Amino acid sequence: MIARPLVDQERIIRELEELAGFSDTPKPAITRIMYTKPDLEARAYLKNLCMEAGLSLREDGLGNIFARWEGSAPDLSAVGTGSHFDAIPYAGMYDGTVGVLGGLEAIRALQRSGFKPHRSIELLIFTAEEPTRFGIGCLGSRALAGVLTPESLRTLKDNEGRTLEEVRWEAGYMGRLEEVQLPEGYYSAFVELHIEQGPVLEQEQVPLGIVTAIAAPASLRVVLEGAGGHAGAVLMPDRHDALCAAAEIILGVEAFAKNSGSINTVATTGFCEVHPNAVNSIPSRVRLEVDVRDVEQSRRDQVIRSVIQGVEQVCTRREIKYSVEIINIDPPAKSGSEVLKALVGSCGDAGVRFKLMVSRAYHDSLFMARITPTAMLFIPCRGGVSHRPDEYASPEDIARGIYVLALTLAKLSLAEDKAAVRDEPAMPTD
Ligand code: GLV
Ligand code: MN
Ligand code: MN
């Protein structure tokens, strides 16, 4: 029987506020991009809290942080929990951070209640879940899962053309990339606490969501090379305006998703860089980044094919050179059934209602699920708003999520052998 975890609600809210202070934009807008000053300051702040909790710390060559509460069976694979603390430009203060500080608070709550872990419990703080700097999401967890190899990591360049090698060394991370991938069986289970980032829990007035599957994300980079020139002097029939081509492509992206036959298909052109970006100059070069997702992989892939065909057609008609690069095209993840069972059991123990649901946003758990049985726990966020400064989750919802997370970590820590938590993946519930 696990004693009631003693969650310190005031402390976790104070820490979330303090963490929000490490930002390139003033509160409530949070901008914390991989290896920038606020990111490095936030790391120091988080590591200090982990040390205060008596956890042993390790960092890999990318800056993924591991903070371990050693159990009575330290040789058994550990139970992992955690999330990310980077934030896209002008984001809010709860995305990722609730799972980082919440994971730490779950450990502290178990410590306060006198719980003694059998398997070690480890907080994993991921580097760069957001794609802002290198264009690819879940950089840290992809590498941990071996999905991004050391060779491909070495080819990555950021928005300013700087290599990952260059910027990680500058940030003080010099460890070998070959040692980032986690060894087989490192974790027995992984659980990530996160805000829902959608409206369902709030609308249905359900306090917790248990995630059975994560939608399949993909992103493309489209570069269009037209012909620039003087906005007054070049006559309309002679133009090859790269931005006009981009406009048609962007509308195509929207239309292909809308017409996929399912409300579950979403597509967004969230990045558009125009050269030379001057009012009296015809745009000669445009770079677009397109994000396409679906819970159904084949439908997502059909949209991607249509977008690529659309680019070809528009550019051929407008006599514009183009290239399309697939940045990532990931399968969906299904949650591990034993982790789901532990979450469901913990909701029962806590007397909290829950809903089985899919995650439409991606998370580091998408990649953790490739190497260990994984599931996520969602708490409601106001209006379903996320990736915006007005993102908000209530202290009560955060504390409730941490309480159930703590119970779940305790259960999984006491699970005897690895076979007990490895099982066939559960089917998604929509
Ligand atoms: C993660 O932030 C996502 O874009 O789903
Ligand atoms: Mn995010
Ligand atoms: Mn997130």
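Me: How far apart are the manganese ion (ligand 3) and the manganese ion (ligand 2), and which residue coordinates both?

Reply: They are 3.7 Å apart, and Asp95 coordinates both. This is a predicted model, in which local features need pLDDT of at least 70 and side-chain atom pairs count only at pLDDT 80 or more, while totals for chains, interfaces and linings use all residues. Residues are numbered from 1 along each chain as its sequence is written, chains are lettered from A and ligands numbered from 1 in the order in which they are written, and side-chain values use heavy atoms, with hydrogens and water left out.

Me: Which protein donors does ligand 3 have?

Reply: His84 (NE2), Asp95 (OD) and His194 (NE2), lying 2.0 to 2.2 Å from the manganese ion. Donors are N, O and S atoms within 2.8 Å of the metal (3.2 Å for Na, K and Ca); water is not among the atoms, so sites may look incomplete.

Me: Where do Asp95 and His194 sit in the chain?

Reply: Asp95 is in the loop between β5 (87-91) and α3 (97-112), and His194 is in strand β7 (residues 187-195), 99 residues apart. Helices (H or I, at least four residues) and strands (E, at least two) are DSSP runs, numbered from the N terminus.

Me: Are Asp95 and His194 buried or exposed?

Reply: Both are buried. Buried means under 20% relative accessible area, exposed over 50%, and partly exposed in between (1.4 Å probe, protein chains only).

Me: New topic: how many salt bridges are there?

Reply: The count comes to 34. A salt bridge is a side-chain nitrogen of Lys or Arg within 4 Å of a carboxyl oxygen of Asp or Glu.

Me: Why would such side chains pair up?

Reply: Side chains of opposite charge can pair when their charged atoms come close.

Me: What about Glu122 and Arg68?

Reply: Their side chains meet in a salt bridge at 2.8 Å, N to O. Glu122 belongs to strand β6 (residues 121-126) and Arg68 to strand β3 (residues 65-69), 54 residues apart. Both Glu122 and Arg68 are buried.

Me: And Lys37, which residue does it pair with?

Reply: Lys37 forms a salt bridge with Glu41, with the closest N and O atoms 3.1 Å apart. Being four residues apart in helix α2, they are separated by about one helical turn. Lys37 counts as exposed at 60% relative accessibility, while Glu41 is partly exposed at 32%.

Me: Which residues are linked in a network of salt bridges?

Reply: Arg11, Glu15, Glu52, Glu105, Arg108 and Arg112.
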